[in-house]
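I opened a new page today to get to know a structure I had never looked at before. These are my notes, in the order I looked things up.

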Amino acid sequence: GVYTVALARRVGDAGRVFAVDIDKRVLGELERRVTQAPFPQVEIVLGTPDDPKLPQGSLDAALIVNSYHEMPHHAEMLRHLWRALKPGGRLMLMEPFSVSRRSEPRGTQEKAHLIAPEIVEADLREAGFEVVTRIDEFVRGSEGSNLQSLVLGRRPAASLTRPASARRRGLSPVSRH
């Protein structure tokens with residue numbers, strides 16, 4: 001919820017901010033903060049580990065900070081986010097990673113609360129996003145080994161092109177099976 005208040009101020013009364021979490025306790029605290037402020041443009045949403053429960057075609061942008069590596073159902077989550085974004089909408093992910101561990105398997109990295117930007121970029125492409133920018137060293141950790149990566153993806157414009165793997169198999173834009 002750190003970014004919720006800043007985003008609510010930025011979009012103003014004419015905009016809308018969806019604050020999503022799967023933890024009712026966290027959402028309760030956030031709801032208290034936005035109600036006291038008040039920020040009526042903030043909508044609190046209880047998501048699930050595989051679905052943020054966002055309305056289809058409603059978002060100009062989505063922001064995930066230091067939590068993508070915690071998502072056990074990343075493909076499903078990206079599929080739902082892809083659908084929630086308007087054509088041309090943007091998804092920004094900021095995640096910690098370790099230079100020395102970036103070649104380790106995904107599961108090993110996730111257990112260490114890390115994920116290499118190469119993995120995130122591949123996930124975005126598989127989900128039908130166009131990767132616009134990737135910055136591997138957005139913020140350096142205090143010891144120089146832990147870095148913050150930034151990956152910015154954009155949902156394709158109205159043509160809604162599908163990933164090549166999905167086109168070959170005749171699947172929806174973000175299916176993996």
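This is a predicted model: local features need pLDDT of at least 70, side-chain atom pairs count only at pLDDT 80 or more; totals for chains, interfaces and linings use all residues.

I started with the lining of the largest pocket: by class it has 27 nonpolar, 7 polar and 7 charged residues. For my own use: Ala, Val, Leu, Ile, Met, Phe, Trp, Tyr, Cys and Pro count as nonpolar, Asp, Glu, Lys and Arg as charged, and the others, Gly among them, as polar. Residues are numbered from 1 along each chain as its sequence is written, and side-chain values use heavy atoms, with hydrogens and water left out.

I had to look up what a pocket is here: on a 1 Å grid over the protein atoms alone, with a 1.4 Å probe, it is an open set of points with protein on both sides within 12 Å along at least five of seven lines, and lining residues have an atom within 4 Å of a point. The largest pocket holds about 1200 Å³ of space, where the volume is the space filled by probe spheres set on the grid points. I found 41 residues lining the largest pocket, and Phe18, Ala19, Val20, Leu63 and Ile64 lie nearest its centre. The elements giving two or more residues to this lining are α1 (2–11), β1, α2, β3 (59–65), α3 (74–84) and β4. The largest share, 7 residues, comes from β3.

**The overall chain.** Next I stepped back and found 6 helices and 6 strands in the protein chain. Helices (H or I, at least four residues) and strands (E, at least two) are DSSP runs, numbered from the N terminus. Along the sequence I read the pattern α-β-α-β-β-α-β-α-α-β-β-α. Of the chain's 177 residues, 40% count as buried; buried means under 20% relative accessible area, exposed over 50%, and partly exposed in between, with a 1.4 Å probe and protein chains only.

**Strand pairs.** Which way do β1 and β2 pair? Strand β1 (residues 17–21) and strand β2 (residues 42–46) pair in the parallel sense over 5 bridges; two strands pair if DSSP finds at least two bridges between them. I picked out Phe18, whose bridge partner in β2 is Glu43. From β1 the chain crosses through helix α2 (residues 24–36) to β2, and this β-α-β crossover is right-handed. That word means that, with the strands pointing away from the viewer, the path from the first strand over the helix to the second runs clockwise.

I then checked β3 and β4, which also pair in the parallel sense, over 6 bridges. Ala62 has Leu91 as its bridge partner in β4. Together β3, α3 and β4 make a right-handed β-α-β unit.

**Single residues.** I placed Ser98 in strand β4 (residues 85–98). Ser98 counts as buried because its relative accessible area is 4%. Its side chain joins that of Ser100 in a polar contact of 3.1 Å. A polar contact is a pair of N or O atoms within 3.5 Å; within protein, one must be able to donate a hydrogen and the other to accept it, and residues adjacent in sequence count only if both atoms are side-chain atoms.

In helix α3 I looked at His80, which counts as buried because its relative accessibility is 18%. The side chain of His80 makes a polar contact with the side chain of Arg79 at 3.3 Å.

Val34 lies in helix α2 and is buried, with a relative accessible area of 5%. I noted 9.0 Å between the C-alpha atoms of Val34 and Ala8, which are 26 residues apart along the chain.

Leu114 sits in the loop between α4 (106–111) and α5 (117–126), and is buried at 8% relative accessible area. Its C-alpha atom is separated by 9.2 Å from that of Tyr68, 46 residues apart along the chain.

Most residues other than glycine have a negative phi, and most peptide bonds are trans. So where did I find exceptions? The peptide bond from Ala37 to Pro38 is cis, with omega near -20°, and Pro38 lies in the loop between α2 and β2. Asn66, in the loop between β3 and α3, has a positive phi near 55° and is partly exposed at 42% relative accessibility. His113, in the loop between α4 and α5, has a positive phi near 60° and is partly exposed at 44%.
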